[in-house]
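Here are my notes on the model you asked me to look over.

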Amino acid sequence: MNHMKCMYCGKENEYPLCMNCRREDVFEELSRVLRYYQQDRTDNPYLKAYIEEVGSGNETYRQFVDVLSMINDPEASYYICLYHAYLRDDMFEDLAIAYVETHEFDRKAQTVLYDLLSYYMFSDFEKPERWVRMIMERENVALELYRLAATYYSLVGEYDLADKAISKAIEILGQNQIEKRMLFGFSESERKKLDELSARIKKYRVGRPYWPSDLERRKKIIAVYDKKGIQHPPFEKTRDVKEATAIRTHYGHTKESDFEPITEYVGDKISDYCSFWCNEAFALHNHKDIYEIAAIRVRGDKIISRFQRFIRPWSAGSVAKRDVARKLEIPEEDVEKLEGVYDVIKDFLVNLA
Ligand SMILES: [Zn+2]
């Protein structure tokens, strides 16, 4: 039999986590420490030794989740969900739905649902419908989930339902011990978000409905609006998806419609912001080698500084290196002479700070 040490208590046994340590509080602590190791150092000597041996970062976190999957403990499934939510990978949706459907609608299930909705809300306008309905029908729902429900309804033109979800959230804000009804507990910022959302719903109701920033999602939202008979601008009217001339790269201009938002901003027009952008080399592995980064700083609608540099690709294999050489039209050996990422990042931060 193959023996190893338990990563939590150091006891020799067959698994990286012994039977005794397969407990809720241990899962919680391990999940937190392994995910945020740099900020959240631990006093546990066995865990320290484990991290020293396998290294910190996403890979360690992944290995921990492999251990959780292997021991097949029902309590562990929540932490497996959290991990896939964090990665935003393909497995997350199925795991999250299974979790929410087979568990009591407690804080954990609601946290999973929160992640699920935040993940899909701006990219798929039909899928979240039944999750949001669940929020409206259940008891003891957290304030943040009502906010997400209201946001979703505001996007798909269900303004009455959106207002109803907002009133439920505001009702919680007026209660004593509101922390029991919040997932994350930032009541002041929630209040502000709800106010902004209310104002937006009013605008959508009387003016133009929510209108995504890129064409692909416009197509999707039009399908929803047409089904509900909601007036919207014609699809062809794309003048507001303008070409961003701010960032000029080796290739020329990058269209604004080519940018993919991480999370979409739906508030009023902003005039002070930084915009970041990078180019990656072709690679066969799934982490990308970046070879160019650029950014602009905008204040009062005017570009006040720009930054653009080439970078020696981080871990470029020969395929990536050839690709960079071809794209920059330089000899392959010159790719090695580009500046290293640590130097460029320093300048980058100085320029945009
Ligand atoms: Zn143990």
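1. Let's start with the sheet. Three strands make an open sheet, ordered β5-β6-β7 and paired antiparallel. Helices and strands here are DSSP runs (H or I, at least four residues, for helices; E, at least two, for strands), numbered from the N terminus, and two strands count as paired if DSSP finds at least two bridges between them. β5 (273-280) and β7 (302-310) are the edge strands with a single partner each, so one side of each has no neighbour in the sheet. On average, neighbouring strands are turned by 10° against each other, direction ignored; for such angles, axes are lines fitted to C-alpha atoms (for helices over the stretch in contact), and angles run from 0 to 180 degrees between N-to-C directions.

2. A word on what you're looking at. This is a predicted model, where local features need pLDDT of at least 70 and side-chain atom pairs count only at pLDDT 80 or more, while totals for chains, interfaces and linings use all residues. Residues are numbered from 1 along each chain as its sequence is written.

3. β5 and β6 run antiparallel and are joined by eight bridges; serine 275 has isoleucine 296 in β6 as its bridge partner. Eight bridges also join β6 (residues 290-299) to β7, again antiparallel. There, isoleucine 293 is partnered by arginine 309 of β7, and arginine 297 stands opposite serine 305 in β7. The β6 and β7 hairpin has two residues between its strands, and glycine 300 in the turn has a positive phi of about 55°.

4. Now the whole protein. It has 14 helices and seven strands. Of its 353 residues, 25% are buried, meaning that 20 or more other C-beta atoms lie within 10 Å of the residue's own; exposed means 12 or fewer, partly exposed is in between, and C-beta atoms are placed from the backbone. Among contacts between residues at least 6 apart in sequence, 49% join residues at least 24 apart. A contact here means C-beta atoms, placed from the backbone, within 7 Å.

5. Which residues have the most contacts inside the largest nonpolar core? They are Cys81, Leu145, Tyr146, Ala149, Ala150 and Tyr152, in a core of 59 residues. α8 gives the largest share of this core, nine residues. Another core, of six residues, lies apart from it and includes Ala281, Tyr291, Ile311 and Val324. A nonpolar core is a set of buried Ala, Val, Leu, Ile, Met, Phe, Trp, Tyr and Cys residues joined through C-beta atoms within 7 Å.

6. Have a look at two alanines. Alanine 149 is in helix α8 and counts as buried because 28 other C-beta atoms lie within 10 Å. Beyond its neighbours within four places in sequence, alanine 149 contacts Val132, Ile135, Met136 and Ala165. Its C-alpha atom is separated by 9.0 Å from that of glutamate 129, 20 residues apart along the chain.

7. Next, helix α9. Its 15 residues (159-173) reach 21 Å from first C-alpha to last, close to the 21 Å expected at 1.5 Å a residue; the expected span is 1.5 Å times one less than the number of residues. Buried in α9 are Ala162, Ala165, Ile166 and Ala169. Seen down the axis, they fall within an arc of 100°, so they line one face of the helix; that arc is taken from the directions from the helix axis to the C-beta atoms. Their cover includes α7 (129-137), α8 (143-155) and α10 (187-206). Asp160 and Glu171, on the other side of α9, are exposed.

8. Finally, α11. This helix is hardly covered: among its 14 residues, the count of buried residues is one. Glycine 229 follows α11 and has a positive phi, near 70°.
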